[in-house]
Amino acid sequence: MTTSRVPRPSPDGTRDDAANARLEQENVQLRHAVNSHATVDQAIGVLTAIHRLAPAAGFEVLREVSQHTNIKLHTVAESVISWVLGEPLPEPVGRELDAAVRRRPRQQDAPQTEAG
């Protein structure tokens, strides 16, 4: 976001209605982005825990499922979170999720380093 898009107050110190509407719309979009990001992060955590994937691999799995099913990423993430809470996965999401997970190495397959 650039600061040049921020509307300037009118001479009387108030912003016009159009500027207020733009700021409100931007605020709604930012809230949606933050919520979507949190949902995706939670779904990555689910995949990391259940399938022993690295977090980066968890994101790639979600991305692939989204692309292969033509379902938005945050919607796929919501489905994964609902699934872990006991809801069934929609069929195309479940099928693509299984395929994408199978293509990824598990954390247990990665070389272990000793803490010391």
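Is E96 buried or exposed? E96 is buried, at a relative accessible area of 16% (buried means under 20%, exposed over 50%, partly exposed in between; 1.4 Å probe, protein chains only). The model is predicted: local features need pLDDT of at least 70 and side-chain atom pairs pLDDT 80 or more, while totals for chains, interfaces and linings use all residues. Residues are numbered from 1 along each chain as its sequence is written, and side-chain values use heavy atoms, without hydrogens and water.

**View 1. Packing of helix α2 (residues 55-69) against helix α4 (residues 91-102).** The two axes lie 9 Å apart at an angle of about 135 degrees (lines fitted to C-alpha atoms over the stretch in contact, angles from 0 to 180 degrees between N-to-C directions; helices are DSSP runs, H or I, of at least four residues). Residues V61, E64, V65, H68 and T69 of α2 meet P92, V93, E96, L97, A100 and V101 of α4 (contact: heavy atoms within 4.5 Å).

View 2. R95 pairs with E91 in a salt bridge, with the closest N and O atoms 2.6 Å apart (a side-chain nitrogen of Lys or Arg within 4 Å of a carboxyl oxygen of Asp or Glu). Both residues belong to α4, four residues apart, about one turn of the helix. R95 also forms a salt bridge with E96, at 4.0 Å between the closest N and O atoms.

**View 3. The salt bridge between R103 and E64.** The closest N and O atoms are 2.6 Å apart. This pair links distant parts of the chain, 39 residues apart: R103 in the segment after α4 and E64 in helix α2. R103 is partly exposed at 44% relative accessible area, whereas E64 is buried at 12%. E64, R103 and R104 are linked in a network of salt bridges.

How values were computed. Helix = DSSP H or I, 4+ residues; strand = E, 2+ residues; numbered from the N terminus.
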